[in-house]
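Student: Hi! Could you walk me through this structure?
Tutor: Happy to. Let's bring it up and start with one residue.

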Amino acid sequence: MFKRVQTGTKKRIHITFEGQKIELEQGETVAAALMLAGNKTFRVSAVSKDKRGAFCLMGVCFECLVEIDGVPNRQACMILAEDGMDIRSQKGAVEEKIL
């Protein structure tokens with residue numbers, strides 16, 4: 001189980017994931033916040049449709065892609081959570097718009 005080492009030492013902030021309100025400490029990544037709240041699935045693979053979640057936690061594998069405040073393809077393990085973020089799981093491939 002994913003567990004916070006220290007608690008109560010930093011400012012508390014809130015994010016939402018798929019409508020679920022999550023309280024966390026300022027300075028935690030989006031991936032850490034989601035895992036601490038018990039979420040294992042961050043996205044669905046565009047190819048196999050398998051469920052994916054955080055794996056390497058250092059920005060190499062891209063398994064933790066989520067949509068943050070309407071912007072897709074964000075690496076949850078590399079983004080520090082900010083108060084009020086609205087996070088959604090990513091469902092398959094995101095189509096690029098050609099201008």
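Tutor: Arg12 is partly exposed, at a relative accessible area of 33%. Keep in mind that this is a predicted model.

Student: Okay, and which side chain does Arg12 meet in a salt bridge?
Tutor: That would be Glu23, at 3.5 Å from N to O. Glu23 sits in strand β2 and Arg12 in strand β1, 11 residues apart.

Student: Is Glu23 buried or partly exposed?
Tutor: Glu23 is partly exposed because its relative accessible area is 43%, and buried would need under 20%.

Student: How many salt bridges are there in the whole structure?
Tutor: A search finds six. One of them joins the side chains of Glu63 and Arg52 at 3.1 Å. Glu63 lies in the loop between β4 and β5, while Arg52 belongs to strand β4.

Student: What else does Glu63 touch?
Tutor: Leaving out residues up to four places away in sequence, Glu63 touches Arg43, Gly53 and Phe55 as well as Arg52.

Student: Switching topic: how many residues does the largest nonpolar core have?
Tutor: It has 20 residues, and Ile15, Val30, Phe42 and Ile87 have the most contacts inside it. β1, β2, α1 and β5 each supply at least two of the core's residues.

Student: Which of those gives the largest share?
Tutor: α1 does, with five residues.

Student: And what is Ile87 in contact with?
Tutor: Setting aside neighbours within four places in sequence, the contacts of Ile87 include Ile15, Phe17, Val30, Val66 and Ile68. Glu18 and Glu67 are also among them.

Notes. Residues are numbered from 1 along each chain as its sequence is written. This is a predicted model: local features need pLDDT of at least 70, side-chain atom pairs count only at pLDDT 80 or more; totals for chains, interfaces and linings use all residues. Side-chain values use heavy atoms; hydrogens and water are left out. A nonpolar core is a set of buried Ala, Val, Leu, Ile, Met, Phe, Trp, Tyr and Cys residues joined through side-chain atoms within 4.5 Å. Buried means under 20% relative accessible area, exposed over 50%, partly exposed in between (1.4 Å probe, protein chains only). Helices (H or I, at least four residues) and strands (E, at least two) are DSSP runs, numbered from the N terminus. Contact means heavy atoms within 4.5 Å. A salt bridge is a side-chain nitrogen of Lys or Arg within 4 Å of a carboxyl oxygen of Asp or Glu.
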